[in-house]
Amino acid sequence: MKRLKVFAVMAAAMALTIALAGCGGKKADGDTVKIGGNLEMTGGSASYGASAKNAIELALKQINAKGGVNGKKLALVVADNKSEATEATNAMQKLISQDKVVAVIGPNLSSAAIAATAVNASAKIAAITPMGTNPNVTVDPANGKTKPYNYRTCFIDPFQGTVMANFATKELKAKKAAIMVDNSSDYAKGLAQFFKENFVKNGGQIVAEEFYLQKDTDFKATLTKIKAANPDLLYIPGYYQEVGMIVKQGREMGLTIPMAGGDGWDSAKLPEIAGKNALNNTFFSSLYSPDDDSKLNKDFVAEYQKAYNARPDVFAALAYDSALLLAKAMEDAKSFDPAKINEALAKVNGFQGVSGTVTFNAQHNPVKSAVIIEHKDGKQTFKTKINP
Amino acid sequence: MDMGSLLHQFIQQMINGISLGSIYALIALGYTMIYGIIKLINFAHGDIYMVGAYLGFIATTYLGFGFLPAIIFAMLGAGLAGIIIERVAYRPMRNAPRIAILITAIGVSFFLEYTMMLIASPQPRTFPAIFEATVYHLGPLVVNSQQILILVSALVLMVALSYIVNKTKAGMAMRAVSFDADAAQLMGINVDKTISLTFALGSALAAAGGVLVGIYYNSIDPLMGMMPGMKAFIAAVLGGIGIIPGAMAGGLILGVVEALVSGFISSTFRDAASFAILILILLYKPTGLLGKNVREKV
């Protein structure tokens, strides 16, 4: 019956697409240029999209206040990808063919970003994913070639998995690790693979590897099994909703070992779901810490705080950098022609963002540093910084 | 691994499975009651469970209720929702073909899911800690107070339901309508009222399950009813759809099977195992474990 529901949803979506397509897109008016935001406004990762939208709007407001780019103002058009791969392709299609955007920021989720690349590539419109850390977002796994219209402002999975494996061996002195992987996410599988390889290379041993699916709620059976394997670290490279429940239930089962993950943990919801005490002795790798003391970042944190009454998270920081990066490319290109913007993006060198310096390598990946963040009584605290 | 630790692990998995199974059982009861009385697989039932969880969330977060008032609030609210849904969506279809009313149920399911998304936003919500989990260690075994709470609440509700169905006049009316609605009407039973009551009871039980889940897992969202709804459906079929003790047994068995499969085979096979059970039951014993040729129906 679930299948029937899926069909019904698809049918409804198709009907809607046809109806919308019938209306036809409005041409951009003379003074504004549209940038697309293919973002997670609803679904399991809705908080990522909300942060990104806030940050992009802040960036565009600041750019426009200084007179815009090449004499024109920039505007954001958001399409909701519902945190799903299929919806991300639809959203990309809508932004390009209907809203006539000149470039796109998003999606944040790797699975969604990978699915959407085919759409923006065939339309020859550049897309920057702020947080899609899976290698395949910018590289075609079939032939190993770089996708010419896709970029990212974050580092890639291998680096996060490697960083955490090194941190686990060197700082946490872990010898036996267990892994719990979100089997429905390319992101989690990517992190897990590189964690595993590097942890073993460092002399560690993987004593258990278990899988779960998004929207699962009961992990006690799996955690009981993991506890019996007696690991001294649990690596959970998933997203905050399930991670929160895993940490909570794991602590309830008497699993007191350190737990670690990737930047999917970075959400204000995590301490609410897991509980502040349960979250002690947990670590995650991330691209960004609002405690970073560069002037650029301090200004950004202050402005963001003023506008939204919240500290920016990593999704906000990277989306902000993506927006500034696009504006820089438009300036360099001295044009709003999508092809020229794309050319200029590929040549970006030493761009200063709030999350660090961005220079794209041949795979369109930026080379930049990573931070390890520790939870202390529900607060994220900066633990250490690891350079590439 | 030595036998001792294997045994401990086995018992621990039984504990995990029973607490999960009692939730399936609570939802399955509503499925089975509604099927028993109007032969409708109410696919919106999982969403009533979601509505119950949100009502519990409102009661604890905004109204500051404790556990007991919150669960009663949610049960009353969801019971009312059940009555309204039956009145608006199912009653006009009562003499329509079975497939039409089934499709209506799917429509109601979508309506509830997406209306809740509109009202409460699709972001997951977290329950306030109204019932802090105390962890008890029995040797190597771990049980927490919330698991006990779930099991006890489920048992109390099931006993109350059995009492209502078997010992009260309203229960007798329900059994009569289930057996033969026309004859019951001739005997002076108000069939519409009885069906409304069945929906109210079934929905209230699902809501109780929703609140317990909210407290236990600490996270609720508008689509949370989909999977548990399917699982409870399997539980109801497993026990024999239309049979109240069957739904309880089916729920518990399903919970335990899932825990054992995740614990001793692989967590990837957990859902596959549940659906395999559904297929096997439908193939070899479609009336369910407790099903007889002449079925005792609600």
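What covers the buried residues of α7(A)?

1. Please keep in mind that this is a predicted model. In answer to the question, the cover over the buried residues of α7(A) comes from both chains: it includes β6 (176-182), β7 (205-212), β8 (233-235) and α8 (240-252) of chain A, together with α1 (3-38) and α10 (244-265) of chain B.

2. Helix α7 of chain A spans residues 220-229 and is mostly covered, with eight of its ten residues buried. Those buried are A:K220, A:A221, A:T222, A:L223, A:T224, A:K225, A:I226 and A:K227. After the helix comes A:N230, which has a positive phi, near 60°.

3. The interface with the partner chain deserves a look next. Here 31 residues of chain A are in contact with 29 residues of chain B. On the chain A side, α1 (2-23), α2 (46-65), β7, α7, α8 and α9 (269-274) each give two or more residues. It is α7(A) that gives the most, with six residues. By class, this side of chain A has ten nonpolar, ten polar and eleven charged residues.

4. Now to the domains. Chain A is assigned a domain 1 (2-155 + 294-369) and a domain 2 (157-286), and the C-alpha centres of the two lie 29 Å apart. Between them, 13 residues of domain 1 of chain A are in contact with 16 residues of domain 2 of chain A. Helix α4 (residues 110-122) of chain A gives the most to the domain 1 side, with three residues. That side has five nonpolar, seven polar and one charged residues.

How values were computed
Residues numbered from 1 in each chain as written. Chains lettered and ligands numbered in written order. Predicted model: local features only at pLDDT ≥ 70, side-chain atom pairs only at ≥ 80, totals over all residues. Buried ≥ 20, exposed ≤ 12 C-beta atoms within 10 Å, placed from the backbone. Helix = DSSP H or I, 4+ residues; strand = E, 2+ residues; numbered from the N terminus. Contact = placed C-beta atoms within 7 Å. Domains from an automatic or database assignment. Nonpolar A, V, L, I, M, F, W, Y, C, P; charged D, E, K, R; others polar.
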